[in-house]
Amino acid sequence: MEKTTVSRDGTRIAYHRSGQGPVVVLVSGTMSTGATTAPLAAELSDRFDVVVYDRRGRGGSGDTAPYAVEREIEDLAALVEEVGGEASLYGMSSGGALVLRAAASGLPVRRVAVYEVPYAMDDAAVRAAAAYTERLAEALGRGGRGDAVELFLRHTGLGEEMIRGARQSPMWAGMESLAPSLAYDDAVLGGGRVPTSAIASIGAPLLALAGGASDAWWHEAARAVAQAAPEGTYGTVAGQTHRVEPGVLAPVLAEFLAA
């Protein structure tokens, strides 16, 4: 059953809760809602009290202008307070960037885990991230939601033929509905570089993961995150890519979160 809490600025945040044990909040990435993390929640709920939620501007949650990363951190703070006052956090992709920012802000967290946060690991990637930010703002500023989604898909490396196919798929309308939140994830990534000084302030144990079958730069980013944290560990999930299988990821996360 869907529940709600209210963030500091009055925005309604929708969430689901399942299982028993230590509380773990799962944070989804770009173009996703709490439903995206539900399969992972199902895998973890035999050992943990798992919370999945719709980030602001998505699914059953509200939205309040103007957007700021601090508002999303306040959303997480309200959620953690609602479910007991302390929790472990897991973030997927750009959701991992939000988790790191939230943990660095002093949120009461027991443990922090992230999977393949898409940080820029060289100057060319930083320039590409800046160009994406500029083009995304232009597309959304004129109401071009479809163009914004196309831009994101192209930025992730999807080919033109696959993008054309996506436009014709039944999922396209849902993707367009989430288009404004693309700017939110871009803001959370903060220009692309690993925020080493912020991560250095995280007092909780941290696990930064990458898929064993993922490209090398994902591993470079995960290592950089782990190395920046006072209690950071880098790990791999065997045989996985950015589209990690919940049933393969869950045991790795459970071992860390239950330690």
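User: Let's start with the lining of the largest cavity: how many nonpolar, polar and charged residues does it have?

Analyst: Keep in mind that this is a predicted model. The residues lining the largest cavity are V114, E116, V117, Y119, A208, L209, A221, A222 and V225. Sorted by class, that lining comes out as eight nonpolar, no polar and one charged.

User: And which element gives the most to the lining of that cavity?

Analyst: Two elements put two or more residues into the lining of the largest cavity, namely β7 (206-211) and α10 (216-228). The top contributor, with three residues, is α10.

User: What volume does the largest cavity have?

Analyst: The count gives one cavity of 30 Å³ or more. For the largest cavity, the volume is about 30 Å³.

User: E116 is in that lining. Is E116 buried or exposed?

Analyst: E116 sits in the loop between β6 (109-115) and α4, and its phi is near 45°, a positive value in a residue other than glycine. Most non-glycine residues have a negative phi. The relative accessibility of E116 is 1%, which is under the 20% cut-off, so E116 counts as buried.

User: Now the open space. Which element gives the most to the lining of the largest pocket?

Analyst: The largest pocket holds about 1700 Å³ of space and is lined by 46 residues. Elements supplying at least two lining residues each include α1 (34-44), β5 (87-92), α8 (180-189) and α11 (246-257). The biggest share, five residues, comes from α4.

User: How many of the residues lining the largest pocket are charged?

Analyst: Nearest the centre of the pocket lie T30, S93, F152, T156 and H242. Across the lining as a whole, 26 residues are nonpolar and 16 are polar, and the charged ones number four.

User: S93 is one of those nearest the pocket centre. Does S93 count as buried or exposed?

Analyst: S93 belongs to the loop between β5 and α3. Its phi is near 55°, a positive value in a residue other than glycine. With a relative accessibility of 11%, under the 20% cut-off, S93 therefore counts as buried.

User: On to the helix pair. At what angle do α5 and α6 pack?

Analyst: Two packed helices are described by the angle between their axes and the distance between the axes. Here α5 (residues 145-155) and α6 (residues 160-167) have axes 10 Å apart, and their crossing is right-handed. The packing angle is about 145°.

User: How many charged residues are in the contact of α5 with α6?

Analyst: From α5 come G146, D147, E150, L153 and R154, and from α6 come E160, I163, A166 and R167. Three of the contact residues are nonpolar and one is polar, while the number of charged ones is five.

User: Last one: which residues does V99 touch, leaving out those up to four places away in sequence?

Analyst: V99 is in helix α3 (residues 94-104) and counts as buried because its relative accessibility is 0%. The residues V99 touches are V27, L89, Y90, G91, V112, A113 and V114.

Conventions: Residues numbered from 1 in each chain as written. Predicted model: local features only at pLDDT ≥ 70, side-chain atom pairs only at ≥ 80, totals over all residues. Heavy atoms only, no water. Axes fitted to C-alpha atoms, helices over the stretch in contact; angles between N-to-C directions. Helix = DSSP H or I, 4+ residues; strand = E, 2+ residues; numbered from the N terminus. Left-handed = near helix turned anticlockwise from the far one by under 90°. Contact = heavy atoms within 4.5 Å. Nonpolar A, V, L, I, M, F, W, Y, C, P; charged D, E, K, R; others polar. 1 Å grid on protein atoms, 1.4 Å probe; cavity = no way out; pocket = protein on both sides within 12 Å on 5 of 7 lines; lining within 4 Å. Points joined across faces, edges and corners; volume = space filled by probe spheres on them. Buried < 20%, exposed > 50% of the residue type's maximum accessible area, 1.4 Å probe, protein only.
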